[in-house]
Amino acid sequence: MFKKLISEIDHFKSQTHNFRILIFTNLVYALVLPVIDIFVAAYIMRNSNDTSKVVIYQLAIYTGIPLTFLLNGFLLKHFNIRKLYSIGMMLSGVSMIIMMSLKTLDLTGIGVAGITMGLSFGLYWSNRDYLALAITNDQNRNYYYGLETFIYTIIAIAIPATIGWFIQSKTGEIEKHQAYVIITGIVFLITIIASIVCFRGKFENPVQKQYIFFKFHPLWYKLLSLATFKGLAQGFLVTAPAMLIFKILGEEGALGKAQSIGAVLAAIIIYFIGRFSKPSDRIKIFSVGLILFALGACLNGLLFDKTGVILFLLLLLIAKPLMDLAYFPIQLKVIDIVSRIEKRGEFAYILNHEAGLYIGRLLGAGTFLTLYYTVSEDFALRYAIGIIALLQLCSIFISKKIIKQGLELSPEIEITPKILDEATVKLL
């Protein structure tokens, strides 16, 4: 066992300097993500008891993201990518400060906090996606995303449980609000540390300066349709667990406990899948993730009680990493192929990909809000997730077509990392 651990550490050390720094940066920032994803939604629920406001907050975030992707394309012409990446991480703390400073959670205040968080995510994800594309190749992307997902899953165990316990240890609304303020301060400090780590990398900006195009290769349009289905779940799935737990399981303490069920085993499984799987295994991994997600969503809809919510969260904890582990390498592989065919910079595709996600997010959140206002809150929480999960099964067939067409095109194209650190250059 010890030898196996040393072997895995050595394998990580064998990766490039930029690979390791990006992993370390994302490791530190991962401490913040469960707070943003879960407890901001719980804060809105606690202070308004209105799930529609949680979804509206999420819509504000998802509106800010594509706008910032566009802005980031302009900013990359003038600022180093490390600075923009760092600002994106720190803005998430600023957004939480705005939320905590609101005396009443009206739609205007929630919208401002949501847009600010969208600006944060836009800067973070647009630059992170480009760097992940630039420092990896098709052979080590399963490992990269498997390792990253392993880290996120482990942190998703400890942070929700710890924060849930911390909030529940306080009595009265004033003390609980103060607990959220303390958490916000810690989040801001962590984003600063993540930014410092990021500056240790030798990251370079994209070379090509034109990022907006309106016509693409047919393979890219297939990926955009896949992105739209992915966005369907993102529309409110980030906050759906918090809403379900707050409504059915109870307080934040229960939230933290529920998020921890089975997560250690899931994290280990995901790591080894990423470590030893091949590019040819991605469809299988993706399909298993989608099926588990659909199963959990259907169980939640059928039962709609504590057992249903826990089963849904348990299956989601396994399903989401599996879907991401397969989806992101597929996305980057397609970018590798079409960027060389069309002779365009990779960031143009990262920017355009966000449009596909945004359409899906609007449809996903719109599905929930439509059911919420036309039927009832419970009906929306019970069935919206199931509807979206079943629709997402179409992604299996789309991804198969993408892989098939990609294999037909890729033999003519040499795929190599775009950013090489000094050690790699010396070896070459």
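A total of 12 salt bridges was counted, a salt bridge being a side-chain nitrogen of Lys or Arg within 4 Å of a carboxyl oxygen of Asp or Glu. The structure is a predicted model, in which local features need pLDDT of at least 70 and side-chain atom pairs count only at pLDDT 80 or more, while totals for chains, interfaces and linings use all residues. Residues are numbered from 1 along each chain as its sequence is written, and side-chain values use heavy atoms, with hydrogens and water left out.

Helices (H or I, at least four residues) and strands (E, at least two) are DSSP runs, numbered from the N terminus. Arg-141 is buried, with a relative accessible area of 0%, and Asp-336 is also buried at 0%; buried means under 20% relative accessible area, exposed over 50%, and partly exposed in between (1.4 Å probe, protein chains only). Arg-361 and Glu-354 form another salt bridge, with a closest N to O distance of 2.4 Å. Here Arg-361 counts as buried at 6% relative accessibility, and Glu-354 counts as buried at 4%. A salt bridge is also found between the side chains of Glu-342 and Arg-344 (3.4 Å, N to O); Arg-344 is buried at 18% relative accessibility.

The protein contains 18 helices and zero strands. Of its 428 residues, 59% count as buried. Residues 24 or more positions apart account for 86% of the contacts with a separation of 6 or more, where contact means heavy atoms within 4.5 Å.

The largest pocket holds about 430 Å³ of space. Its lining has 16 residues, of which Leu-5, Glu-8, Leu-147, Phe-150 and Tyr-271 are the closest to the centre. On a 1 Å grid over the protein atoms alone, a cavity is a set of points where a 1.4 Å probe fits but cannot get out, whereas a pocket is an open set with protein on both sides within 12 Å along at least five of seven lines; lining residues have an atom within 4 Å of a point. Grid points are joined across faces, edges and corners, and a volume is the space filled by probe spheres set on the points. Helix 1, helix 2 (17-30), helix 7 (141-168) and helix 12 each supply at least two lining residues, and the largest share, five residues, comes from helix 1.

Glu-8 is located in helix 1 (residues 2-13) and is buried at 9% relative accessibility. Tyr-143, Tyr-271, Arg-275 and Phe-276 are touched by Glu-8, not counting residues up to four places away in sequence. Glu-8 also belongs to a network of salt bridges with Lys-4 and Arg-275.

In helix 8 (residues 172-198), Ser-195 is buried, with a relative accessible area of 5%. Ser-195 touches Ser-86, Met-89 and Met-90, not counting residues up to four places away in sequence.
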